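Work through the exercises below with the sequence and the coordinates open. Each task is followed by a solution in steps.

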Amino acid sequence: MHEEEAPDPVDARLGARLAELRAQHGWSLGELAERSGVSRSTLSRAERAETSPTASLLNRLCGVYGRTMSQLLSEVEAEPALLLRAAEQPVWEDRTSGFVRRSVSPPHTGLRGELVEGRLAAGADIAYDRPPVPGLEQHIWVLEGALGVTAQDAEHHLDTGDCLRLRVWGPTRFRCPGPDDVRYVLAVVLP
């Protein structure tokens with residue numbers, strides 16, 4: 001019999017928060033599965049921190065709970081400080097898709113905007129079926145590499161230095177066509 005590996009501390013806190021949110025709404029796993037389009041088993045495994053949730057899964061749950069991914073992730077971290085040194089900025093990784101997310105300026109009570117640094121590995125492709133908050137304002141500024149963004153049935157190719165501004169109402173897709181990884185800043189402003 002092999003020893004089970006302890007869950008990542010952030011995944012454990014995230015799982016507990018997801019279970020807490022579901023309980024606050026009075027939903028069973030089945031009800032949440034119907035609302036989110038995510039299987040009961042996947043939801044259960046995420047809540048028990050048996051798996052690290054993907055960006056796509058968190059996006060679906062954020063949509064159901066009416067919050068941004070940054071808001072959800074900030075709820076499992078300590079109260080954000082006004083000054084956040086680079087070494088203190090929370091980093092979350094979706095190992096499945098090759099997406100690394102640094103919360104440069106996490107959500108803070110009374111503020112509507114936040115800054116996120118995103119990194120996608122060459123060939124990575126992430127699709128979000130809906131925005132976490134309809135009408136969410138996004139500014140996507142590419143720092144290094146190339147990024148493909150599809151929003152509102154329009155495809156946009158961004159190179160180093162380019163910035164795409166939009167409000168998100170429907171599905172979006174972020175792709176790194178390669179050959180190199182892409183690093184970008186995502187400014188998010190709540191409607």
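**Exercise 1. The cavity**

Task: Find how much space lies in the largest cavity of this predicted model, and state which elements supply its lining.

Solution. 
- Step 1. The largest cavity holds about 320 Å³ of space. With a threshold of 30 Å³ or more, the count of cavities is 1.
- Step 2. The lining of the largest cavity is made up of 23 residues, and those closest to the centre are Asn-59, Met-69, Tyr-128, Gln-138 and Leu-186.
- Step 3. At least two lining residues come from each of helix H5 (69-74) and the strands S2 (99-105), S3 (113-120), S4, S5, S9 and S10 (182-189).
- Step 4. Strand S3 gives the largest share of this lining, with 4 residues.

**Exercise 2. Glu-117**

Task: Decide whether Glu-117 is buried or exposed, then list what surrounds Glu-117.

Solution. 
- Step 1. Glu-117 is part of strand S3.
- Step 2. The relative accessibility of Glu-117 is 10%. Buried means under 20%, so Glu-117 counts as buried.
- Step 3. Leaving aside residues up to four places away in sequence, Glu-117 is in contact with Val-100, Arg-101, Arg-102, Val-104, Arg-183 and Tyr-184.
- Step 4. The side chain of Glu-117 also makes a polar contact of 3.3 Å with the side chain of Arg-119.

**Exercise 3. Glu-137**

Task: Assign Glu-137 to an accessibility class and describe its contacts.

Solution. 
- Step 1. Strand S5 (residues 136-144) contains Glu-137.
- Step 2. Glu-137 has a relative accessible area of 22% and is therefore partly exposed.
- Step 3. Residues up to four places away in sequence are not counted here; Glu-137 touches Leu-166, Arg-167, Ala-187, Val-188 and Val-189.
- Step 4. Side chains of Glu-137 and His-139 are joined by a polar contact of 2.6 Å.

**Exercise 4. The open sheet**

Task: Give the strand order of the open sheet of 4 strands and explain why one side of S4 and of S7 has no neighbour in the sheet.

Solution. 
- Step 1. The order is S4-S9-S6-S7, and the pairing is antiparallel.
- Step 2. S4 (125-128) and S7 (154-158) are at the edges; each has a single partner strand, so one side of each lacks a neighbour in the sheet.
- Step 3. On average, and with direction ignored, neighbouring strands of this sheet are turned by 15° against each other.
- Step 4. Antiparallel strands S6 (residues 147-151) and S9 (residues 172-175) are joined by 4 bridges. Opposite Phe-174 of S9 stands Val-149.

Methods: Residues numbered from 1 in each chain as written. Predicted model: local features only at pLDDT ≥ 70, side-chain atom pairs only at ≥ 80, totals over all residues. Heavy atoms only, no water. Pairing = 2+ DSSP bridges. Axes fitted to C-alpha atoms, helices over the stretch in contact; angles between N-to-C directions. Buried < 20%, exposed > 50% of the residue type's maximum accessible area, 1.4 Å probe, protein only. Contact = heavy atoms within 4.5 Å. Polar contact = N/O pair within 3.5 Å; in protein donor to acceptor, adjacent residues only side chain to side chain. 1 Å grid on protein atoms, 1.4 Å probe; cavity = no way out; pocket = protein on both sides within 12 Å on 5 of 7 lines; lining within 4 Å. Points joined across faces, edges and corners; volume = space filled by probe spheres on them.
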